[in-house]
Amino acid sequence: MSVQAPVRRITAPDIAAMKGVEPIVSLTAYHAHTAAIADAHCHFLLVGDSLGMVMHGFETTLPVPLELMIMHGRAVTRGAQRALVVVDMPFGSYEESPPVAFRNAAQVIKQTQCGAIKLEGGRRMAETIRYLTERGVPVMAHIGLTPQSINVMGGFKVQGREKSQWKALEDDARAVAEAGAFSVVLEAMPEELAARITKKIPIPTVGIGAGRHCDGQILVMEDMLGLSPRVPKFVKAFGEVGSAIDGAIRGYAQAVKAGAFPAPEHTYAMKGPEKAGKSRKTV
Ligand code: KIV
């Protein structure tokens with residue numbers, strides 16, 4: 001009898017150790033089947049709160065509740081065997097105080113069995129990041145365009161376009177690294193700024209709309225598959241899944257209307273002697 005060895009899952013320290021060694025590949029994932037496909041190619045999968053917009057049709061990420069993150073987090077940890085699964089803390093679940101953040105992060109980890117959480121914010125979240133990491137919660141930080149602050153930022157706006165804004169963003173990156181974050185997402189900022197931050201801090205930067213010089217890259221899976229109706233400038237469609245789905249559904253509808261589906265091979269036969277001479281159509 002042979003017992004198959006379980007696949008070793010990538011951990012937050014493994015991701016931290018990748019800085020300067022190899023590029024980190026990651027995508028968002030919200031459900032089990034796509035997580036299983038992406039698992040073979042990605043170092044980590046992010047159950048991003050962008051699922052509120054991508055999967056549930058909200059205009060922003062702000063309405064997403066903790067329960068929804070947990071539900072999708074469970075699907076992704078069931079689907080992916082090898083990649084680190086990181087679950088986003090949604091708006092309102094961590095900003096109030098470090099103990100509130102810990103209580104909610106612990107619930108996410110217990111119920112999804114993810115390996116880390118992500119939260120938005122730089123210097124203002126440093127105390128919380130330290131509190132969480134000291135209590136066993138690996139934290140990925142997220143600075144630059146932080147979509148949960150859209151009402152303060154006045155929209156989904158590129159950050160750090162003026163050189164005068166660079167110091168604040170560099171201070172944010174340094175603060176989250178010093179507080180113990182194992183990596184940091186840099187979203188929507190000029191390539192030069194992301195490159196400077198990447199050089200200056202000891203933890204890996206994961207870019208989304210932050211150019212070529214980050215330690216890794218992340219995209220929203222539906223965007224890079226060509227499934228999202230509107231995408232930001234930084235997205236490249238690596239597939240045309242939207243038109244493939246449209247073509248498949250059109251073919252199905254035509255076949256149903258023409259009586260060509262289901263064909264005999266898609267039907268069940270009856271058991272036993274009654275079988276002979278009984279066609280489906282007469283049942
Ligand atoms: O929620 C999300 O998908 C994210 C990525 C944009 C990094 O935070």
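**View 1. The largest nonpolar core and its most connected members.** Of the 58 residues in the largest nonpolar core, Leu 45, Ile 117, Ile 129 and Leu 186 touch the most other members; such a core is a set of buried (under 20% relative accessible area, 1.4 Å probe, protein chains only) Ala, Val, Leu, Ile, Met, Phe, Trp, Tyr and Cys residues joined through side-chain atoms within 4.5 Å. Helix 8 (residues 166-179), a DSSP run of H or I with at least four residues, gives the most to this core, with seven residues. Apart from it lies another core, of 16 residues, Met 18 and Val 86 among them. This is a predicted model, in which local features need pLDDT of at least 70 and side-chain atom pairs count only at pLDDT 80 or more, whereas totals for chains, interfaces and linings use all residues. Residues are numbered from 1 along each chain as its sequence is written, and side-chain values use heavy atoms, with hydrogens and water left out.

**View 2. Surroundings of the ligand.** The residues with a heavy atom within 4 Å of the ligand include Thr 28, Gly 48, His 142 and Glu 187.

**View 3. Charged ends over aromatic rings.** The charged end of Arg 135 sits over the ring of Tyr 131, 3.5 Å from its centre, and that of Lys 163 sits over the ring of Trp 166 at 5.2 Å; the criterion is NZ of Lys or CZ of Arg within 6 Å of the ring centre and within 35 degrees of the ring normal.

Technical notes
Buried < 20%, exposed > 50% of the residue type's maximum accessible area, 1.4 Å probe, protein only. Helix = DSSP H or I, 4+ residues; strand = E, 2+ residues; numbered from the N terminus.
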